[in-house]
Amino acid sequence: MKNFTWGVATSSYQIEGAVSEGGRSPSIWDTYCQVPGAIVNGDNGDIACDHYHRYNEDLDLIKWLGVDAYRFSIAWSRILPDGVGRVNKEGIDFYNRLIDGALARGIQPWITMYHWDLPQILQDRGGWCNRESVDWFTEYADVLSQNFGDRVTNWITFNEPLCIAWIGNLWGGMAPGIRDLNTAVKVAHHILLAHGKSVPIIRRNVKLAKVGITLNITPSSTLTENPEDLLAVALNDSWDHEWFLDPLFAKEYPKKMVDRIPFELPIHLGDFDIIATPIDFLGINYYFRQTIAADPEISPVPVKDVKRIGVPRTAMGWEIHPPTFTKLLININQKYKPKEIFITENGSAWNDLIIDEKIKDSERIEYLQSHLDAILDAKSKGVPINGYFAWSLLDNFEWAYGYEKRFGLFYVDYQTQKRTPKESAFYYRDLILNRTTR
Ligand code: NOJ
């Protein structure tokens, strides 16, 4: 496949460790990990994959895979330990070494500016719920693009606003662990605004910049064709992704969900024009499909999860359903017409076992294969998908699941920090190699 970017992805808090080194200040995840019961086994990101010290070794693994690009995120609190203001040179230096190391190995660095680790000092000022967060983020965007924009052209403002807003601030399942609809709706709005406001700043600082945002899309399905269930699907999809896509591409929130919000939305005059600043690409993270049923007792989205029986699932319990992936790509393309789409994450967790230095993860290979086929299917139908980033390079800190869930192409022994390629790493490497030599 020509002009298709093959990549692999990670994020700062999930792999870096070294939380008290290099002038980094705590993020909301350092705080959240201390909440009793919040994280499986009481795990935290203090050491993680020790990538902060082993980044050279990890860049060698990426090079070995033969990918074109490496998507990683920057820890805001390494760059601006006070959230705003003073720039921490040690933080800039770390990412300079990482970027230069990638480039020296022929790997394009793709920066995700925000993958959930807000400096705690800014959460203490209200975090994303405070409209000032838009200015905090644009300042951060300016610092990043001024420092790294001479070498990095691909920029992703936010990773998965849904998780930040709904999981972190409505359902309380991620940092900062808030459960409040009003807060969550503000958080979503301010993130979208911060995204839109930072796009021209990045373009100003980076010649040939390509700027986008990454959304996770988990389409819903039902077990029945009842009108109530079908309505539930429409509402759930609306909350899952239209809430973010409609403002980004059509300057509005989806009316069917807006009608269910019992207070006025925090929209100021002109906000939608900023949010809908044209982007160069849309990043999509896809993992599974949801199965739901109507439940009028639940608000604001009157749905509950139901279990589809007899279907294949990953170790996360997520249903494996590649046709949903094809369909969503076609639908998104028809409805929103993004200039380009990059699959910025896709992958699966399994209960990997290391036996004689080998990890036979045939399920992960099958997952990869079937999802790549699903992408090719959409691409052959005209969807402008120009790249794929496997999640993830390494087993890592899987948020509330701690280290129990392993998504890596490389197995990490957390006692020794030894990395071992799984069979899926060999599979991915061969796939890319064949495409290059074809
Ligand atoms: C999406 C998130 O961006 C990433 O951080 C996470 O590890 C994967 N999904 C798997 O859950």
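Predicted model: local features only at pLDDT ≥ 70, side-chain atom pairs only at ≥ 80, totals over all residues.
Visitor: Does E264 count as buried or exposed?
Guide: The relative accessibility of E264 is 75%. Exposure requires a value over 50%. E264 therefore counts as exposed.

Visitor: How many Å apart in space are E264 and Y401?
Guide: In sequence, 137 residues separate E264 and Y401. From C-alpha to C-alpha, the separation in space is 35 Å.

Visitor: Of what kind is the pair formed by the rings of Y55 and F94?
Guide: The structure holds 47 aromatic pairs. For Y55 and F94, the ring centres are 5.6 Å apart and the planes meet at 90°. Planes over 60 degrees apart meet the criterion, so the pair of Y55 and F94 is edge-to-face.

Visitor: Which helices does the pair of Y55 and F94 link?
Guide: The two residues are 39 residues apart, and their pair links distant parts of the chain. Y55 is in residues 51-65 and F94 in residues 89-104. The helices are α3 for Y55 and α5 for F94.

Visitor: Do Y55 and F94 count as buried or exposed?
Guide: Buried means under 20% relative accessible area. Y55 has 12% relative accessibility and so counts as buried. F94, at 0%, therefore also counts as buried.

Visitor: What is the angle between the planes of Y287 and W318?
Guide: Y287 and W318 form an edge-to-face aromatic pair with 5.5 Å from centre to centre. Y287 is in the loop between β7 (281-285) and β8 (290-294), and W318 in the loop between β9 (303-305) and α13 (322-336). Both Y287 and W318 are buried. The angle between their planes is 65°.

Visitor: At what distance from the ring centre does R406 lie over the face of Y411?
Guide: Another charged end, that of R78, sits over the ring of F94, 6.0 Å from its centre. R406 lies over the face of Y411, and the distance from the ring centre is 4.1 Å.

Visitor: Which are the edge strands of the open sheet of three strands?
Guide: The sheet has mixed pairing and the order β6-β8-β9. Two bridges join β6 to β8, which run parallel, and S220 stands opposite Q290 in β8. An edge strand pairs on one side only, and the edge strands are β6 (220-221) and β9.

Visitor: Which helix lies across β6, β8 and β9?
Guide: The helix comprises residues 227-250 and runs at about 125° to β8. Its name is α10.

Technical notes:
Residues numbered from 1 in each chain as written. Heavy atoms only, no water. Buried < 20%, exposed > 50% of the residue type's maximum accessible area, 1.4 Å probe, protein only. Phe/Tyr/Trp six-rings, centres within 6.5 Å; stacked < 30°, edge-to-face > 60°. Helix = DSSP H or I, 4+ residues; strand = E, 2+ residues; numbered from the N terminus. Lys NZ or Arg CZ within 6 Å of the ring centre and 35° of its normal. Pairing = 2+ DSSP bridges. Contact = heavy atoms within 4.5 Å. Axes fitted to C-alpha atoms, helices over the stretch in contact; angles between N-to-C directions.
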